[in-house]
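Student: I would like to learn how to read charged side chains in a model. Please show me with an example.

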Amino acid sequence: MSLADLEKQALAELESTSDEAGLRAWHNKYFGKQGEVILATKKVGTLPPEERRAYGQEANRVKEVLTAAHDTAEARIKERALEQSLSSEGIDVTLPGRPLTRGGLHVASRILREIAAIFADLGFQIYRSREVEDDLTNFELLNMPPYHPARDMWDTFHTTVPGVLLRTHTSPGQIHVMREHCPEPIRVILPGMCYRYETITMRSEIMFHQVEGLAVGEHVSMADLKGTIVAFARRMFGEERQVRIRSSYFPFTEPSIEVDMDCIVCGGKGCGLCKRTGWLEIMGAGMVHPVVLKNGGYDPAKFSGFAFGMGPQRITMLKYAIDDIRQFWANDLRFLRQF
Ligand code: DAH
């Protein structure tokens, strides 16, 4: 076959090739080890010397033409294959998607946010305070000198640095806010983790959250404290909630109170949750002790303040009827997924 015929034939076959297998076969037929183009090129050695030059040049030209034609055909075939797969195997947008496992906030975080949102509406800002405290701020500046018996209620974890401990309550944060903002008026909540050296039971943990509240100003009164607590209890637990206060004792408040609300299960009639009393304790509170005000930099003759402290875990347990506080940090997804 002449080179010209070879070229014509190869081009024609390429033209009618429509898939990748056909293209491979074509390439093998013309450019394989025994391919016709390769053999035709080799033929140059068998020709009389005067024909070799022209033949060689023509053979090279054919080779180049066919190589280029092959590449064009390859691109065309690939393009077609892609188009076909797009139209035949197109995505069915009506199929349901694969479900993603979504994470969520821990119930403790949710409650902290809920509490923060309620107090934000009442004009309280959030103040974050340290979890590692010194004895001075956790106890002494809160009117609990080293000999004070009230310290027994707040045993904690001590570090190897003398006087440095994990805070037992959020109350030392009061000192930090006051010293930072004195003599400005203050209205803040201080949420955060607290630690106590205790036996872990259904009702007590060695780590738990507290939300402290503090308002300081020139005319802050017990009535303000009561109004704030009632507003909070009703937003958190329902508009119909009744709140009562009992007198109590904390070294850092004078007078001190404890706050109960009517039982959310029985409404006050007496049931298992409220241990037949009709009331649930929600927080400790009081008017900031003059010594504490002074330690914060405020003149107790001119300024007064109220403070409260609650345990959001306890509040959550009331709200969702959780009977074991250990669930909060047990990492049991069956528990956590309920919220
Ligand atoms: N710090 C107290 C505790 O850990 C709670 C508390 C009671 C905080 C009365 C207060 C308060 O600010 O006025 O038990």
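Student: Is Glu13 buried, exposed or in between, and which cut-offs apply?
Tutor: Buried means under 20% relative accessible area, exposed over 50%, and partly exposed in between (1.4 Å probe, protein chains only). Glu13 has 25% relative accessibility, so Glu13 counts as partly exposed. This is a predicted model, where local features need pLDDT of at least 70, side-chain atom pairs count only at pLDDT 80 or more, and totals for chains, interfaces and linings use all residues. Residues are numbered from 1 along each chain as its sequence is written, and side-chain values use heavy atoms, leaving out hydrogens and water.

Student: Which side chain does Glu13 meet in a salt bridge?
Tutor: Side chains of opposite charge can pair when their charged atoms come close. A salt bridge is a side-chain nitrogen of Lys or Arg within 4 Å of a carboxyl oxygen of Asp or Glu. Glu13 meets Lys29, at 2.9 Å from N to O. Glu13 is in helix H1 and Lys29 in helix H2 (residues 20–31), 16 residues apart; helices here are DSSP runs (H or I, at least four residues), numbered from the N terminus. Lys29 is partly exposed, at 34%.

Student: How many salt bridges does the structure hold?
Tutor: The structure holds 13. In one of them, Arg61 pairs with Glu7, with the closest N and O atoms 3.0 Å apart. Arg61 lies in helix H4 and Glu7 in helix H1 (residues 3–15), so this pair ties together parts 54 residues apart in sequence. Glu7 counts as buried, at 14% relative accessibility.

Note on methods:
Helices (H or I, at least four residues) and strands (E, at least two) are DSSP runs, numbered from the N terminus.
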